[in-house]
Amino acid sequence: MSSNADLFDKLAEDYVRRPGVSLGRMMSSRHVLSVNRKIFAMLVRDKLVVKLPKARANALVGSGAALAFEPSTGRSMKEWIVLEMPDKKQWQGLIREAFSYIDGS
């Protein structure tokens, strides 16, 4: 298992104990966090992908801190961003933001 997968699984531990949260599988990734069946974070091609409000996602992409998530070349998903470098504090904060956004808390 990659170090990114290990990091994702470690950070996921904080969420899987919460009501409605599950760690599961989607497409080729077994690293998918969802709350009430809505995905908020996942590991895709060994990179963290999170769903954030559109303005926040655009700001992160605009600053160069993240990339727009493209599940296939040229098809960008509006509220989804990709973080290429494994940085525990950054991943932890963005997973928290994504959870709050999707959970409505």
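Residues are numbered from 1 along each chain as its sequence is written. In this predicted model, local features need pLDDT of at least 70 and side-chain atom pairs count only at pLDDT 80 or more, while totals for chains, interfaces and linings use all residues, and side-chain values use heavy atoms, with hydrogens and water left out.

I begin with the helices. Helices (H or I, at least four residues) and strands (E, at least two) are DSSP runs, numbered from the N terminus. Helix α1 covers residues 3-16 and helix α3 residues 88-103; their axes come within 11 Å and cross at roughly 45°. Axes here are lines fitted to C-alpha atoms, for helices over the stretch in contact, with angles from 0 to 180 degrees between N-to-C directions.

Which residues make the contact? From α1 they are N4, L7, F8, L11, D14 and Y15, and from α3 they are K88, W91, Q92, I95, R96 and F99; contact means heavy atoms within 4.5 Å.

I turn now to the strands. H31 lies in strand β2, residues 29-35, and is buried at a relative accessible area of 8%. Buried means under 20% relative accessible area (1.4 Å probe, protein chains only).

M42 belongs to strand β3, residues 38-44, and is likewise buried, with a relative accessible area of 4%. Its C-alpha atom is separated by 13 Å from that of Y15, 27 residues apart along the chain.

Definitions and conventions:
Buried < 20%, exposed > 50% of the residue type's maximum accessible area, 1.4 Å probe, protein only.
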